[in-house]
Amino acid sequence: MAPPDRLSELPDCLLQTILSSLGARQLVQTTALSRRWRHVWRGVPRLDIDQREFQAADAPADRHGRRDKSLELDEWARFDDFADNLLLSHHHGGDGDEDDNLPLDALRLHVVDKRDASRRRLPLYARWLDWLHACLDRYRPAALEIHSDFDMTVDLRLMGLRSDLSRLNTLRLQGVLHAGGFGDDSVSVCPRLEHVEFTSCAIGFEGVVTARTLKTLVIDRCWRRDDTKEEGAPRPRVQAPALASLRLVMSFQSDIWVFQTPSLVEASIRTTRSFVNRDDEYELLCNLYNVTRLELSGFLALDKIRPKNEARQDLPKFHNLTTLLLDDCDLTGEVYNLLDLFLYNAPNLEKLTLQNCKLPQEWSKSKKMCLSLKFTEINCHKKDDVCQVNH
Amino acid sequence: MDSTADPKGKRPLYQEDGLAYARAAAAAASATAAAAPDEEEAKPKPKPSSSSEEAKPEPEAEDQAEMPPLVLVAEDGVEVSISRRAARMSHMLRLLMEDSCADGPIPAPNVHSDILDLVVQYCEKHGPYYDPEASERARNPFPPFPVELTPTVSSIKPVTYVDPDPHGLKDWDKDFISLDNSTLFEVILAANYLNIEDLLDLGTTTVADMMRGKKPEEIREIFEIENDYTPEQEAELRKENAWAFED
């Protein structure tokens, strides 16, 4: 007598919740579990199509880490095949009627490819775009994530013209070439787009980008696409009137856009120390004057910046700032010390945290300190910088 | 943590009906409380596992903490009390509290008392930290695919990065959810009935983790799923969907 199978007794919707965190390939395979499971997978509101599911985990690699090319081609072919068939047979929410297709909550596509092989794949790549659009049309996801290791181009504006992106609320792109279009005035392709995240992307917007509905923006180690750089062209300006949260991680390649974000509540900026235009950094700080919570990481002492013009604006007052965290910053400057500037310009600062910062030799207490500072936390990295700050 | 619940077969979801049913029953119960006392006392019993003790001496001046705990009645008639603060985690109970229908005993007819104990235990643990809005923000439409090896770039956690475990409850959750399969499914059903999203997430992702990376044969074994396809049917099925299966 078979022991009771409690899992299969759960109602469809709960099984679908369980299945929704599995990769698409495994999801489809559940059809073979038993009769009860035959069509359960079709109603799962999330699709995670990941090429890594098609990579043999134990494939041998040669000493350069490259795997057998024929094996790779075979894997790619299977993945291709899977993607096509999935589109044909996945009737989410319906009995095969096109009209009954309920839109997906989230669609995630992860393609992996070695860069040297990508050139051979160019014809396939064009097919990929067609496939992507067929997916967007069929599933109309509310959240879309595309993670690519080869030079895939995503142009939201063009995508929006070709497919219906009206449900799109969250967009996450990693490793793609983004050709712009997420905020142009002319066409509002994504009227509900609120959360955008770019990681390791080449971003190609220029001029003024207006993103009216955007609430959260993350730009992580991205850079401008080469073909949009012009000498002397003004830096792209991002106007995001509803933006509440901004996170920037700037690598050495980054240019810094100009942000106009009147509603910004929290911002977190991390920068490295080489080759970034310091004036731009400073201007960025000035643009963040209305935040409530601010984190800065990796900023140099400001007097190490060579001002292009002497009449540079002073740091504006940060009226709303209540929480400040400085990490890995150089606070040794005598004239333009970042910490001093903030203490002077942030009258409502309540909580200050210093982490891994380079502190001056002598912490002279004669500096003006905020009276309303409630909580100070200093985490020192080096033994020499033992804090003797009494507060 | 052995479940002594009777195998009841597929439990239908009475989500909407459940709320109405609970409300009506609560109203009826408080009306008849004086007339016909239950075998248990009408007052909530202080149970050692649930924390009516925890709820009352709450230092923060929250009105809810002052009020008496809710009483849930399991399918076997046993009463389980849950503090108001913990009860917030259940959307259903939250609505009842808001509508002031939560003063009398609240029936949970599909849930055995052992399971209800577990559920209450979870809510009491997470209750003090529960913020419905934060929970909503943290609900990531893209939970990380397990094989992902993205290293964190920043040494600091930026403000925009929602810490998935700000109160160090992950380990506790891991221990809590290491139950035998039957109990786990019952907890999932109970969390679904009471609409406790965090617990439902915990339960369903645990099951998904058990399934991940395994072939159908292996999954059948883990969950004792009986394969009721005939060999011919199964072969046909696999052929039809060859694009998804390996070799």
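A:Glu53 is found in chain A, in the loop between strand 1 (46-50) and helix 4 (69-89); helices (H or I, at least four residues) and strands (E, at least two) are DSSP runs, numbered from the N terminus. This is a predicted model, in which local features need pLDDT of at least 70, side-chain atom pairs count only at pLDDT 80 or more, and totals for chains, interfaces and linings use all residues. Residues are numbered from 1 along each chain as its sequence is written, chains are lettered from A and ligands numbered from 1 in the order in which they are written, and side-chain values use heavy atoms, with hydrogens and water left out.

A polar atom of the A:Glu53 side chain does lie 3.3 Å from the backbone nitrogen of A:Ala24.

I turn to the core. The largest nonpolar core has 146 residues, and those touching the most other members are A:Leu7, A:Ile49, A:Leu86, A:Leu294, A:Leu326 and B:Met211. Helix 9 (residues 181-194) of chain B gives the largest share of this core, nine residues. Such a core is a set of buried Ala, Val, Leu, Ile, Met, Phe, Trp, Tyr and Cys residues joined through side-chain atoms within 4.5 Å. Beyond its neighbours within four places in sequence, B:Met211 is in contact (heavy atoms within 4.5 Å) with residues including A:Leu22, A:Trp37 and B:Phe223.

Most residues other than glycine have a negative phi. B:Asn195, however, has a positive phi of about 60°, and lies in the loop between helix 9 and helix 10 (197-211) of chain B. Its relative accessible area is 25%, so B:Asn195 is partly exposed. For B:Glu224, phi is near 55°; this residue lies in the loop between helix 11 (216-223) and helix 12 (231-240) of chain B. B:Glu224 counts as partly exposed because its relative accessibility is 40%.

Conventions. Buried < 20%, exposed > 50% of the residue type's maximum accessible area, 1.4 Å probe, protein only. Polar contact = N/O pair within 3.5 Å; in protein donor to acceptor, adjacent residues only side chain to side chain.
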